[in-house]
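Please keep the sequence and the model in view while going through the numbered points.

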Amino acid sequence: MPKVTKEEKKTNIISAALKLFSEKGFYVTTIPDIAQKVGMSVGNFYNYFSSKDILAKELVMYISEYLGENIRLINEKDISTEKKIDEIVSMYFNMADNRPEMIEYFLRVYLSNREVFGNGCEGMICVSAFVTELMIFFDNGVSSGELQDQDFFSAFGLFMGYLGGMVFLFGEKILPEPLNSYKKSISTNIYNALKAR
Amino acid sequence: MHSKQDKKLKILWFRGVTCNGNTHSFLNLPHLEQLLNRFEILYHPILESTLSLVEITKLKDKCDIFIFEGAYDPLMRRNEVLIGDIVTHYAKNAKHIIAAGSCASFGGIFKASAPQRNSGLIFNEDVEYGPLQSYKDRVINLSGCPIHPEWLSYVLGMILNKKEIEVDSLHRPIELYSNLAHHGCTRNEYFEWKVDADNFGEKEGCLFYKQGCRAPMTHSSCNKILWNNVSSKTRVGTPCFGCTEPNFPLTNLFSTKTNMSIPKDVPVGISKRSYLTLTGIAKTFYIKRLEGKLIDYKRDN
Amino acid sequence: MITKEIIEKIEGEASVEFEIKDNLVEFATISFPHFRGIEMILNGKNALDALVITPRVCGICGHAHLMASVRAIEDAYKNAGYEIKNNQKIEKIREFTLIMEIIQNHFKWFYMTLIPELEKLHSTSLVQTPLKGAFAASLAAKAIATFAGQWPHSSYMIPGGITSDPTNIDILQVQTYLQELSLFFENETLGTSLEDFLSFESCKEFRGLNSDFSYIEEKLISLEMHEKGFAYDKFLILGKHSFTSVSKLNKTHAVGIDAKFVNTVEAYSPNQITYAKNAQYKKEYYETGPLSRMMALNFPIIKNMHRRFKDSAYSRVMARIFELAYLLKKASSLATTLTIAESSYNSVVDISKITASGLGVVEAPRGPLLHKIEIEKGIIESYKIITPTQFNIGSSSLKNPTPAQKAMQKLSKEEALFVFRTFDVCSVCTTH
């Protein structure tokens, strides 16, 4: 059996913790729960993360970097802003389908337990990778004349609030159709709302 | 008999389309007299000169240092002689050619009055163009609207000392133009922590976010070698307008161009991604000292 | 006989074509040959950009352009229903830096134009270095830069105030520059104290001095400049300031006026291209500048001088030097009474809300400077500038000469060229 590296073990902890936190809730989940799920001792767990709060912050950064990296790949493509919106929506919904724990964690833990993230994870600190990439997306869109110049947060809220809302409805099993079937109409709506007039 | 006078380098200062601002800025030089005593002024439009305008337009004399102020308009005549003939004649024989100010360097303000025609001596904005292409290796551009007197004094001093003046790709001396106008600005800490100036007329806050300041995108030593040995635009709350750059003058000079609140231009050589990452994080913190008044006067005196 | 002279060592370049009869100037036409197109450059730009572009009309009086520009934009705000009321501090600092620019101009004119030209007429060698003028002017520029960041080409005045927020350190620094400049003026230029000079009641009192000033005063008399260079003896002051009063004077009779009655007419220059129009008030020519401004104030010596020498070249020169003394005192008093208590800037509505026209009028070193702006949703639709030199040194026909043309008549060509310069010509402003 190949030896599992330290980095891989860390990733395993992150995956397990994401699942547990988003299923059971942040406060109910204990470190022994997580250690058990990864198959390691509690003592060994502390070699990776010294506290639950620190783990919680690392998880946000992990998700932010994952999203940021994926949006960066789209940003760097030589395609229209309209097409980029399609791809960002698609990427986001695929993530909700394939790794629902990431978005669940973001919506249900990060946004709902601000007291955990107050110290050292406030404002942009933990989500910088993701927000920066969206800034680049908006900046490029306005520079190329495809998007209307407006306040950043108005545009950001419209884009991410919309996607987050849809994923929330999906998680609550309220959506009658699979997420994928909304990609086209949602992309079109976002583009129509943001495009240059 | 050869007097010492004969050995002095001869300066000829000539004008194209100009406001004379470079001349008047140069006259502010604190050690003007000592400096000028080391040269012979063959011709200057205001200073006492060996020759008159009529005499120099006969194109019989030569100068060692040819200084040109103003934009080059090929249709302009001085004493009925086409300026192209005058400029070429003196440049051909001069060891050093100095474009004094942004108009002479890149076209500047007075390129705009005839954009299809006017230019600098060897550049039209940042494109190589203009009457002195054949002598471009000898051209030093001292861009700035106007020039700083110490910048010209530096170039003349280096020539007197027979020292090589290294220049950047736009022919500006690197010792003067490797700095950004931002360097030495008294508002630097506000830039570091991304604290905007709420308004004009305040000592506090950075002018980069709203008021249009171009200092982080502008090569010049304005906040290092102060104006009139006293101050600078940003120190008195005026945004830098980027007057040393080839694209001067831009438009909407008192407001920062943003795309969805994100600055269109970011500091020279820094990727927008890195800039935004740092900005987002810095903006997260509330620093009481930087949000309040530097000096809290009892405003009743 | 017709001869043409290129006038240099002024701000820019002019050329004068003389019609000479019996060795005297019968008539002179004046042209300013170099077009620069600032008004055109401004069209379509944001109105606030005028605060950066118009100072670049002129290297020696750009600050006056800045102030005319900010006044024009503030007038447009008022006409659009958003009146801007600047506090005392803002008004005082603006006024102070404008005065310092006039002072710097007059020093340069005295040492770099007047003295060398007198030497030429008198065929004596240059005994006073022109660079003294540059030195004094650079001190005045330091005082401006303390509030305005730099001189030339500051843009520190904006609608609603100024960009700087000076401390008491700045004010003390400015007072030091003023003291140094006043000492220079007293010791080098006047040969007496400012106070004594300003309290003189007769030109005869100049005779006791031994200085650069008394030297040129004697030269002017020996050249009979007190009997030459008369214009219309009509004076015009249009800019509203603490150091003068808006009025027109027919000899000494003053009447209140309004800048809206300024008009321009095409210049008469049949043989040469010129880019200057002549400026008038209610279709009549007036002299503008220091002599006019000093005539509007009640200084005994100016009255005495005018009674004896009218608007001669001598009076024109003396008034400029007297104004220098008067303004130095005025600047000191402004700097001493300046307090930092009030705000430097009060927010105004965004320029994009403004659709209106505005007129800004200031007294520049050479007289009234007018900026007229038309703004459509913050964008410049049209920008028109009228400069002092257009009032003084237009070129008209023999029937109705301009002040400078009239002043040059019946003089030798050399004298006429000197008289031309007593108006302190600014060609660059004129060909804005």
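1. In chain B, the C-alpha centres of domain 1 and domain 2 are 31 Å apart. Domain 1 of chain B spans 8-176 and domain 2 spans 179-292, with bounds taken from an automatic or database domain assignment.

2. This is a predicted model, in which local features need pLDDT of at least 70 and side-chain atom pairs count only at pLDDT 80 or more, while totals for chains, interfaces and linings use all residues. Residues are numbered from 1 along each chain as its sequence is written, and chains are lettered from A and ligands numbered from 1 in the order in which they are written.

3. Between the two domains of chain B, 17 residues of domain 1 are in contact with 13 residues of domain 2; contact requires that the C-beta atoms of two residues, placed from the backbone, lie within 7 Å. On the domain 1 side, α6 (102-106) and α7 (108-111) of chain B each supply at least two residues. Helices (H or I, at least four residues) and strands (E, at least two) are DSSP runs, numbered from the N terminus.

4. Of the two pairs of chains that touch, chains B and C have the most contacts. Chain C contributes 56 residues and chain B contributes 51 residues. On the side of chain C that touches chain B, α5(C) provides the largest share, 10 residues.

5. Chain A and chain C do not touch, and their nearest C-alpha atoms are 16 Å apart.
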